[in-house]
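Work through these exercises with the sequence and the 3D view side by side. Try each task before you read its solution.

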Amino acid sequence: MAILTVKDLTKSFGGLTAVSKVNLELQQGELVGLIGPNGAGKTTAFNLLTGVYEPTAGKITLTKNGVPKEIQGLKPYTVCKDGLARTFQNIRLFKDLTVLDNVRIAMNQNVKYGLMSSFLHLPSYAKAEKELEKKSIELLKIFHLEGKKDEMAKNLPYGEQRHLEIVRALATEPSVLLLDEPAAGMNPAETAQLTELIQSIREQFNLTILLIEHDMSLVMKICERIYVLDYGQIIANGTPEEIKTNKRVIEAYLGEEVDNA
Amino acid sequence: MDNFLQQVINGISLGSIYALIALGYTMVYGIIKLINFAHCDVYMLGAYIGYFCMTSLKLGVFPSLVIAMLACTIIGVLIEKIAYKPLRNATRIAVLITAIGVSLFIEYGTMRFVTANVRAYPPMTGWLAERFKIGNMTITAQQILIVASTIVLVALLQFIVKKTKMGKAMRAVSLDKDAAELMGINVNSTISFTFALGSALAGAAGVLVGIYYNSIDPLMGVIPGLKAFVAAVFGGIGIIPGAMIGGYFIGTVEVFVSGYGNSLYKDAVVFAILIIILIVKPAGLLGKNTKEKV
Amino acid sequence: MKNIFKHKTLQKFISILITYAAIQGLITVGIIDDYWQATLATICINIILAVSLNLITGFTGQFSLGHAGFMSIGAYVCAIITISNPTTVGFIGGIIAGAIAAALIGALVGLPTLRLRGDYLAIATLGMAEIIKIIFLNLEITNGAAGLQGIPQFVNWTWMFVFTVGTVVIIANFLKSSHGRACISIREDEIAAESMGVNTTKYKVISFTMGAFFAGIAGGIYASYFYFLKPDLFGFLKSVDVLVIVVLGGLGSISGSIIAAVLLAIISTFLQSFSEVRMIIYALLLIVLMLFRPQGLMGSKEISLSVFKKIGLKSKRGKEEV
């Protein structure tokens with residue numbers, strides 16, 4: 001069953017078309033890679049999917065509990081509620097807040113008490129907050145961050161900040177997770193560890209994952225299918241093996257010279 | 001009909017003043033994204049410098065105007081160097097708060113020296129006291145002076161921004177400060193130059209207002225400053241022709257509200273226009289919408 | 001865990017009661033005379049104003065320059081109601097009606113303008129406050145520029161204390177809740193917050209409306225204590241006054257706002273007859289703070305008993321390591 005379908009998605013900034021007639025389809029439970037050279041429009045595609053940008057044209061359909069819903073042009077928080085969560089390429093944590101708060105904020109949409117209860121700290125507040133903290137710590141444990149729950153997010157080492165981004169996205173209880181270069185800036189050992197973590201959260205939370213990544217070892221190892229984006233257009237789609245040997249992909253990455261040589 | 005045309009003439013005179021002040025706001029905002037609250041006080045200082053030139057030094061109108069412009073240029077550059085430059089990498093709220101601080105400091109500092117009393121500009125003599133009658137309308141020589149000076153100054157500004165090397169640097173820095181710096185443009189001196197230009201225009205506006213309305217006081221800049229800022233926003237902040245259009249529009253609206261409606265509400269109408277523009281088209285009449293890069 | 005929590009709440013409660021009783025005692029004995037009682041009223045009003053503006057600017061990150069406008073709505077509504085019904089019920093009703101009126105205007109203004117970025121919002125709120133001022137200048141019921149005189153005085157130390165503590169507790173509680181954290185996330189990174197499911201518009205309006213509500217309360221207390229109102233009292237300078245307190249105390253620190261409110265009220269009392277000098281000092285304070293300590297006295301930290309405990313623990317640990 002397709003959980004996320006993107007049809008003819010287009011975004012123009014003035015005269016520049018950053019994303020042009022992109023079609024994607026993610027099946028329930030798949031782990032799909034989105035690769036392409038710098039400036040190919042990968043992050044723009046993510047911004048369109050999550051509602052940060054409004055598409056110029058095209059449809060995005062997200063299926064939640066078997067019911068398809070068109071989400072293009074909706075506000076990011078609505079898209080998030082519908083089950084699409086993301087991380088950011090250039091780490092956008094709430095830097096001056098604690099690790100725990102970063103996670104708790106992402107759980108905001110499911111909070112079970114009203115304003116009055118928050119003003120007066122009524123029993124419903126105490127109960128819900130306790131539950132919230134418990135759930136947050138459970139999520140943090142997956143990435144071994146529970147011991148640092150009271151540290152400021154900005155004081156975490158770089159790799160852990162990337163992990164926290166993923167935890168925060170998970171806290172919104174998504175069905176589809178978009179990861180924007182989760183291994184950027186990590187060393188091979190860290191990348192290998194991250195690879196395992198991504199696979200394990202996919203199973204544990206029954207996730208469908210779309211992943212932008214430049215680290216080919218990671219992409220080729222864990223993605224079942226790969227889309228290749230170049231100049232805003234999908235130029236190839238297939239299994240890692242197929243992509244590795246695809247002539248257009250090699251051209252896109254290495255330029256025309258290879259062809260002539 | 002005559003009354004209508006008379007209001008238009010008055011509106012254009014007042015609008016010229018707003019346009020001159022608005023240009024300073026818009027250029028500074030364009031280049032460092034700061035609402036320079038102190039700008040309206042440079043205008044006030046210009047009025048006082050002109051006043052002292054005419055009374056204590058017994059100078060004529062034109063020398064006074066030039067001296068006020070030069071003095072305001074120096075003041076504007078000093079404000080930038082002392083208060084804003086150290087905060088180049090601070091948050092925008094921090095710089096805005098500093099700007100409010102500088103503005104209050106100039107206002108109440110000036111009050112210490114010249115007292116809060118209203119002072120009257122010396123009466124104009126010679127051709128500047130003339131009035132011209134066309135039918136039932138009156139055009140004063142002062143109004144002609146205001147409009148003519150504005151046109152000359154704006155033409156000069158347009159020439160500097162479009163044709164000179166410094167103007168090119170200003171436009172480059174306002175587009176992308178870092179890229180401009182990499183291209184060998186001295187960003188600091190370009191910003192200083194922008195403050196210098198804006199302050200000179202504000203100084204001129206101060207003297208012209210003194211001549212036109214005949215009274216000056218240390219807090220005279222606050223309300224016109226806000227209105228000029230509204231004018232800059234109306235035309236599209238950062239855009240020089242936008243500030244002109246905005247200035248004339250706000251000036252005319254204000255005169256018409258006083259003339260045909262209730263003059264007590266003239267300020268409220270200007271602020272209401274501001275809020276409506278910000279809601280309907282925050283980028284202003286000539287501006288383009290931009291969105292933050294993620 | 002729960003016991004410790006209860007214990008802490010109890011400690012806080014007791015220290016609040018002691019503060020109340022101590023000052024009440026000083027008033028009864030006459031050590032705090034009428035002159036200093038006015039300073040006390042100013043302190044309470046400024047605490048309410050500063051904490052509520054801090055909620056909007058320091059915690060939610062929305063720069064407002066129109067706080068005096070909301071205060072004036074509360075002040076006039078409360079004054080008009082208490083003049084027509086000079087009883088304690090009328091006063092309480094007036095203060096609450098004033099706060100609700102301020103909150104309504106806050107929501108009305110906030111809904112469209114809160115989409116604006118930082119400095120644009122600042123100018124829009126400044127414009128709004130000016131419009132409110134001009135309306136009060138021209139209405140008959142507010143007696144225009146001459147203002148309202150002889151407003152029945154119901155506020156005493158007890159009422160001021162109740163309202164001040166109530167404001168601080170409600171806002172502090174709110175900030176420690178999920179809703180409050182949503183507001184803080186907007187300050188931290190609006191785009192990330194929205195992507196994590198925070199309805200940023202809704203929370204900005206909630207924060208703005210709450211801020212306006214409490215500014216209205218401060219206005220009501222002002223009207224009732226100083227029994228004289230005129231529109232000029234609530235101009236741009238009043239908004240800047242409040243901003244100075246918030247910035248000095250630290251954007252994002254409630255205890256900072258309280259400390260700064262007390263400090264500046266005392267300074268102003270001494271400088272009462274030199275209003276120009278006071279403004280020059282305020283202006284220099286803003287500039288120097290931004291240049292050398294933009295985080296204010298407290299940064300975004302809070303003073304609480306746990307801070308002292310932490311310091312104690314650290315020094316202990318340090319000794320052990322040595």
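A residue counts as buried under 20% relative accessible area, as exposed over 50%, and as partly exposed in between. Keep these cut-offs at hand. The model is predicted.

**Exercise 1. Two partners in one chain**

Task: Find the salt bridge of E70(A) and K59(A). Are E70(A) and K59(A) buried, exposed or partly exposed?

Solution: 
- Step 1. Locate the pair. The side chains of E70(A) and K59(A) come together in a salt bridge, at 3.7 Å from N to O.
- Step 2. Place the residues. E70(A) sits in strand β5 (residues 67–70) of chain A, and K59(A) in strand β4 (residues 57–64) of that chain. They are eleven residues apart.
- Step 3. Apply the cut-offs. E70(A) has a relative accessible area of 41%, so it is partly exposed. K59(A) has 43%, so it is partly exposed.
- Step 4. Recall the general idea. Side chains of opposite charge can pair when their charged atoms come close.

**Exercise 2. Salt bridges between helices**

Task: Which helices hold D267(B) and K227(B)? Which hold K204(C) and E190(C)?

Solution: 
- Step 1. Start in chain B. D267(B) and K227(B) form a salt bridge with an N to O distance of 2.6 Å.
- Step 2. Name the helices. D267(B) belongs to α11 (residues 266–280) of chain B, and K227(B) to α9 (residues 222–235) of chain B. The two residues are 40 residues apart.
- Step 3. Go to chain C. K204(C) and E190(C) form a salt bridge, with the closest N and O atoms 2.9 Å apart.
- Step 4. Name the helices again. K204(C) lies in α9 (residues 200–226) of chain C, and E190(C) in α8 (residues 190–195) of chain C. Here 14 residues separate the partners.

**Exercise 3. The interface of chain A and chain C**

Task: Describe this interface. How many residues are in contact, how much area is buried, and how many salt bridges cross it?

Solution: 
- Step 1. Count the residues. On chain A, 32 residues are in contact with 27 residues of chain C.
- Step 2. Take the area. The two chains bury about 2600 Å² between them, and 61% of it is on carbon and sulfur atoms.
- Step 3. Find the main contributors. In chain A, the residues that lose the most area to chain C are Y77(A), N108(A) and F119(A), together 24% of what that side buries.
- Step 4. Count polar links. There are 13 residue pairs in polar contact across the interface.
- Step 5. Sort the chain A side. Its residues touching chain C comprise 17 nonpolar, six polar and nine charged.
- Step 6. Look for charge pairs. Two salt bridges cross the interface. D189(C) and R92(A) meet in a salt bridge at 2.8 Å, N to O.
- Step 7. Look for a network. Salt bridges link D101(A), R104(A), E129(A) and R181(C).

**Exercise 4. Covered strands in chain A**

Task: Which strands pair with β8(A), and which with β9(A)? How many residues of each are buried?

Solution: 
- Step 1. Take β8 (residues 208–212) of chain A. Five of its five residues are buried.
- Step 2. Find the partners. β3 (residues 31–35) of chain A runs parallel to β8(A), joined by four bridges. L31(A) stands opposite I209(A). β7 (residues 176–180) of chain A also runs parallel to β8(A), with five bridges. There L179(A) stands opposite L211(A).
- Step 3. Move to β9 (residues 225–230) of chain A. Six of its six residues are buried, so β9(A) is largely enclosed by the rest of the structure.
- Step 4. Find its partners. β3(A) and β9(A) run parallel over four bridges. V32(A) has R225(A) as its bridge partner. β10 (residues 233–238) of chain A pairs with β9(A) in the antiparallel sense, over five bridges. V228(A) stands opposite A236(A).
- Step 5. Inspect the turn. The hairpin of β9(A) and β10(A) has two residues between the strands, and Y231(A) takes a positive phi near 45° there.

Conventions. Residues are numbered from 1 along each chain as its sequence is written. Chains are lettered from A and ligands numbered from 1 in the order in which they are written. This is a predicted model: local features need pLDDT of at least 70, side-chain atom pairs count only at pLDDT 80 or more; totals for chains, interfaces and linings use all residues. Side-chain values use heavy atoms; hydrogens and water are left out. Contact means heavy atoms within 4.5 Å. Buried area is the accessible area (1.4 Å probe) that two parts lose on being put together, summed over both. A salt bridge is a side-chain nitrogen of Lys or Arg within 4 Å of a carboxyl oxygen of Asp or Glu. A polar contact is a pair of N or O atoms within 3.5 Å; within protein, one must be able to donate a hydrogen and the other to accept it, and residues adjacent in sequence count only if both atoms are side-chain atoms. Ala, Val, Leu, Ile, Met, Phe, Trp, Tyr, Cys and Pro count as nonpolar, Asp, Glu, Lys and Arg as charged, and the others, Gly among them, as polar. Buried means under 20% relative accessible area, exposed over 50%, partly exposed in between (1.4 Å probe, protein chains only). Two strands pair if DSSP finds at least two bridges between them.
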